[in-house]
Amino acid sequence: MCGIIAIVRGRSSRVPPASAELLALLDDVPGFLAGPLDPSLRARLDDAADRVGEVDRLLRGSPGVQALLADRALLAALDNITAGLSAQIELIERALDTVAGAALADLENVNAAMIRIKDAVWAVQRDRLRTARAVDELAGPDGGLAAIETYLSIQQALSALDRLEVRGRDSAGLHVLVRHHGLDLTSPAIATVLADRAADPLFGALAVRTPEGHLSFVYKASAEIGELGDNTRALRAQIQHDSLLRQALVAPTAESIVLGHTRWASVGIISQANAHPLNSEELDRVDGPYVTGVLTGDVDNFADLKATQALHIATEITTDAKVIPTLVSRQLSGGTELVEAFRATVNELEGSVAIGASSATAPDRLLLALRGSGQALYIGLAEDMYVVASEPYGVIEETDTYLRMDGETQADPDNPATRGQV
């Protein structure tokens with residue numbers, strides 16, 4: 001089984017929280033947890049969970065990362081505080097296992113409050129602080145707001161891929177489509193780099209394209225034998241050392257969509273050429289409307305589609321996913337509007353599939369499709385962003401509010417919400 005992850009982010013308007021505000025919320029929490037195992041315990045645990053949960057909320061998204069990277073002393077302080085809270089929670093749990101703990105009249109509600117405070121401390125310690133440090137490593141010391149937001153999307157996608165790798169891990173890929181980058185793509189220095197990285201016809205690791213003046217970056221890793229996390233470590237290293245991506249994110253106007261995938265090969269060999277995302281290029285057609293796509297499931301009629309549509313696909317690319325962006329691009333070339341081109345392509349596919357796609361003609365949009373049973377897509381609704389994943393555990397680090405797409409109800413042509421748009 002494969003896995004899909006995508007991040008669509010808008011520019012945040014929330015003011016980053018102040019260090020004093022965050023620390024003040026936590027001032028009384030150690031005292032709440034230090035009290036005796038008496039009837040007040042549940043209320044104290046709930047108060048502690050409320051305060052730590054509010055810190056978690058404030059530290060989410062771009063404003064939270066900005067706050068943590070602007071004050072390294074805050075990072076260290078929160079590390080120490082959450083480590084201390086974790087130790088206190090462990091002591092309470094041990095005490096609750098004793099006869100004295102079992103004697104509490106409200107033990108069931110106490111246990112529910114314990115779960116709340118444990119989850120809140122975990123989220124701050126293992127999600128928010130870890131995310132900020134990872135974004136810092138990717139963006140470097142000079143990263144501005146645009147860089148922080150794109151690298152945050154990348155980090156969130158990589159973190160989700162780590163979770164989704166339980167579905168399959170022979171290869172993985174991440175596509176970053178950057179718009180409003182402000183680079184002069186014709187300048188000699190940039191043009192030389194682009195020419196070198198555009199020369200890979202198979203869209204392998206570190207390949208770059210410039211559709212519609214945007215920048216399309218792809219990072220890929222593949223291995224027949226490996227451990228969990230190997231692929232995302234390889235992707236992270238490629239991204240961290242990509243100076244062109246760093247340049248593209250200097251402009252304060254730069255924005256991006258991130259589309260990723262982890263693969264467990266069912267059609268086509270294990271290779272970078274077959275790793276998703278795939279783009280729409282054909283051997284003799286590289287300047288058509290530019291589309292990238294990822295797939296979970298199998299396109300049962302992909303060989304027939306290649307033959308009947310005369311798709312000129314490189315022989316090294318043997319995955320069925322390649323037909324999806326290629327067919328959408330062909331539809332666009334014929335003058336079909338993007339969503340209709342995507343819908344028409346999906347209707348040609350046989351099999352059970354979940355698909356994510358993006359197009360340079362609408363670089364701020366993500367297209368999704370789910371057809372048949374056996375696949376899934378979840379759309380997480382988070383602050384200033386959508387996060388899409390093929391399993392709930394690809395979403396929950398960022399939000400516990402999400403929708404599950406329905407792949408078996410016929411779309412309403414008059415309702416865009418049922419036609420694959422995010």
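Predicted model: local features only at pLDDT ≥ 70, side-chain atom pairs only at ≥ 80, totals over all residues.
The chain has an average pLDDT of 92, and 94% of the residues score at least 70. Residues 417–421 have a pLDDT below 50; beyond near neighbours in sequence, this stretch makes 13 contacts in the model.

Strand β7 comprises residues 291–297, and seven of its seven residues are buried, so the strand is largely enclosed by the rest of the structure. Strand β7 pairs with β6 (residues 278–279) in an antiparallel arrangement through two bridges. In this pairing, L278 stands opposite G293 of β7. The pairing of β7 with strand β8 (residues 353–359) is also antiparallel and involves seven bridges. Here T296 is placed opposite A354 of β8.

In the whole structure, 25 salt bridges are found. One of them joins R42 to D106, with the closest N and O atoms 3.3 Å apart. Because R42 belongs to helix α3 (residues 41–58) and D106 to the loop between α6 (99–102) and α7, this pair ties together parts that are 64 residues apart in sequence. R42 is partly exposed, its relative accessible area being 35%, and D106 also counts as partly exposed, at 31% relative accessibility.

A salt bridge is likewise formed by the side chains of R72 and D136, with an N to O distance of 2.9 Å. This pair links distant parts of the chain, since R72 lies in helix α5 (residues 72–96) and D136 in helix α7, 64 residues apart. R72 is partly exposed, with a relative accessibility of 45%.

D127 is buried, with a relative accessible area of 7%, whereas R130 is partly exposed at 33%. Salt bridges with shared partners also join R42, D46, D50, D106 and R116 into one network.

The loop between α7 (107–139) and α8 (145–164) contains P141. With a relative accessibility of 77%, P141 counts as exposed. The C-alpha atom of P141 is 9.1 Å from that of L69, although the two residues are 72 residues apart along the chain.

How values were computed. Residues numbered from 1 in each chain as written. Heavy atoms only, no water. pLDDT = per-residue confidence, 0-100. Contact = heavy atoms within 4.5 Å. Helix = DSSP H or I, 4+ residues; strand = E, 2+ residues; numbered from the N terminus. Buried < 20%, exposed > 50% of the residue type's maximum accessible area, 1.4 Å probe, protein only. Pairing = 2+ DSSP bridges. Salt bridge = Lys/Arg side-chain N within 4 Å of Asp/Glu carboxyl O.
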